[in-house]
Amino acid sequence: MTRAKYISLLGSYGVVLALLLLIVFGWARYDYFLGFFNITSVLRYNSMFALVALGMCFVIMTGGIDLSVGSTAALGSVVAALFSPQGAWIGLGAGVGAGLCVGLINATLVTRLKIMPFIATLAMMLAASGTALLLADNQSVSVSYDSGFTTIGQDNFLGFPIPAWIALGAYIVGWIVLNFTSTGRGVLAVGGNEDATRMMGLPVNRIKFLVYLASGGLAGLAGVILASQFGAGQPIEGVGWELFAIAAVVVGGTLLTGGVGSVGATLAGVLLLGILFNVLNFENGKGWISLSAYWQSVIRGLFLLIVVILQAKLSSRGNAVKDH
Amino acid sequence: MTDTPQTAHTNKRFDAFEFLARYGTLIALLLLVLFNLAFTRNFATIQTLNVNLTQVCTIVIVAVGMTLVIATGGIDLSVGSLMAISGALAPMIFLGKIIPIDNIYLAVATAIIISIAVAGLFGLFNGWLISAFRIQPIVATLVLFIAGRGIAQVMTNGNLQTFRVPQFQFIGLGRIFGIPVQVILMVIIVLAAAWMLKRTVFGRQIIAIGGNERAAELSGIAVAKVKLLVYAISGLCAGIAGLVVIAINSSSDANQVGLGMELDAIAAVAVGGTLLSGGKATIIGTLIGAMTIQLVRYTLLANGVPDAAALVVKAGIIVLAVWIQQQGRAHA
């Protein structure tokens, strides 16, 4: 087994194990933790992050990064809200379309103009946010409640929130693409060694183009859910989403240098970070300790710190094993 | 024969791109000034100059540290959060919330020194993560980007701290010979950093690491130590900028101080002509880059374009600057 695979496996199992432990802890300690209401609200809220993290996971596997996802989601939510009076599907399509546009520009900047992903998507973060503010006239845009648009974010299907179904569907598609298609294998190959992949004759630029496009589309979809769930397109939402997504992807054991990654572990990473807050809220409710909301970001940061140090330790040990 | 004109043609292209890559931002800045002189009312006044300089100061101070970090091939996302920490800590000290100090001058001096030092220590922590664990800079500094603002918010419980302490606010509101103090501070920092980068061994080592880390290590440069110092300097710069911001505002809001500063600083560095992959850096370029971005925003706002549209324009400028820079490099 290669070093990269070894780390990734440990990472994936580690995050799933941590997730299970956290759930068992919550179940044992709080009365309503595994209650229907709590489960559905956690799923409903975190499905947006799950979608953004899925796109980010693919981008990172190619060795790139997409910093624009947060403001793309904001733009998607505004566009979806503006189109929501025309009907649920049109609102949905418009929001996703807006995200795809941002993704298209990102993809063009990265693959055609060869601008570093970091800086290209940073610029698009500003541009998407500016466009969202312009379209929304600097305020939140309320959605239409008559056209059925709010169904997407607020209703249930077979007892579970529709956003959770959407996210689940996206992850299944993502998993299939990564594991059973040539494009998926290409994604990991590009991240592992771009030059070698090009020499092997794989369409490197096309693969990279597709991942940025997908990341934009998924962020737009997250924006649609945002608008539908909270009843308004919100141009200033999404700040910091890109970093939450990166954190979730890293926690899921995907290496930021690319070439290694897992769709399932990313989902586990999102749930782990999401449930961590849920547990904190319950703990506050118990009254033993009282942690203000501000502690959440400190704890989130600490958590990320532990994960990256563990990842670094593991990868250097993997290195040592390989070297001898 | 047929080849000759083509070669001449491409040669000309080389020069144009190289020229643009080197002087493009400066030319853009000069064009902006000319444009404003012609079309913006009341542009050629001391007040306009002061408004623009005071607004750009904090960005430049942070961007100087960021330039050094980027020169080593790294990045520092935590600067905005570190500004919030130093901005939250200083008032707590000079208002006597931690330990009462009777002499106001002593209290202000203690506040300034301790809060900048704390920001520097957090920067050192970034450097430690990056050099000791070989964690990628973008992830390592992401930790404090997330946690740092939380720390500032927890320290102040998210409350706004307001104050009226002229002895402290001198750094944001005072003037020496009519020049705002923070502008003088900015000039000193820029000159010191430019000198250090060009004329000292440390500066040379920074560039060497960014150019080729492995080669730098093999040639005997203490890479880990240099990186530690660079991130610490970035932290110190952020700490100073945080103090200037709260001094101007007469208040410190941990939720707001330095928000989005990492992007402004990176944009200034990129537009200024420093290679984002490391190995080539210019502090004066960063200064010009920051001033160009500021002047673009000012020009748009002064001519009635909404702030949101200015964001889109800023994005275009960043992409254009980086693209021209890359073309210049590819053709050179």
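B:Ala28 counts as buried because it has 20 C-beta neighbours inside 10 Å, and a residue is called buried at 20 or more. This is a predicted model. B:Ala28 belongs to helix 1 of chain B, which covers residues 3–39. Twelve residues separate B:Ala28 from B:Thr40 along the chain, and their C-alpha atoms are 17 Å apart.

Elsewhere in chain B, helix 11 (residues 261–272) packs on helix 12 (residues 283–302). The angle between the two is about 115°, and their axes lie 7 Å apart. Helix 11 of chain B and helix 12 of chain B are therefore roughly perpendicular to each other, as angles of 65 to 115 degrees are classed that way. Their crossing is right-handed. The residues that meet are listed by helix below.

| Helix of chain B | Residues in the contact |
|---|---|
| Helix 11 | B:Ala267, B:Ala268, B:Val269, B:Val271, B:Gly272 |
| Helix 12 | B:Gly285, B:Thr286, B:Ile288, B:Gly289, B:Ala290, B:Thr292, B:Ile293 |

By class, this contact of helix 11 of chain B with helix 12 of chain B holds seven nonpolar and five polar residues, with no charged ones.

The contact between the chains involves 36 residues of chain A and 35 residues of chain B. On the side of chain A that touches chain B, the elements giving two or more residues are helix 5 (117–136), helix 11 (241–251) and helix 13 (293–323) of chain A. Helix 13 of chain A provides the largest share of that side, 13 residues. The side of chain A that touches chain B is made up of 26 nonpolar, eight polar and two charged residues.

Note on methods
Residues are numbered from 1 along each chain as its sequence is written. Chains are lettered from A and ligands numbered from 1 in the order in which they are written. This is a predicted model: local features need pLDDT of at least 70, side-chain atom pairs count only at pLDDT 80 or more; totals for chains, interfaces and linings use all residues. Axes are lines fitted to C-alpha atoms, for helices over the stretch in contact, and angles run from 0 to 180 degrees between N-to-C directions. Helices (H or I, at least four residues) and strands (E, at least two) are DSSP runs, numbered from the N terminus. Angles under 35 degrees count as roughly parallel, over 145 as roughly antiparallel, 65 to 115 as roughly perpendicular and the rest as oblique. A crossing is left-handed if the near helix is turned anticlockwise from the far one by less than a right angle, and right-handed if clockwise. Two residues are in contact if their C-beta atoms, placed from the backbone, lie within 7 Å. Ala, Val, Leu, Ile, Met, Phe, Trp, Tyr, Cys and Pro count as nonpolar, Asp, Glu, Lys and Arg as charged, and the others, Gly among them, as polar. A residue is buried if 20 or more other C-beta atoms lie within 10 Å of its own, exposed if 12 or fewer, and partly exposed in between; C-beta atoms are placed from the backbone.
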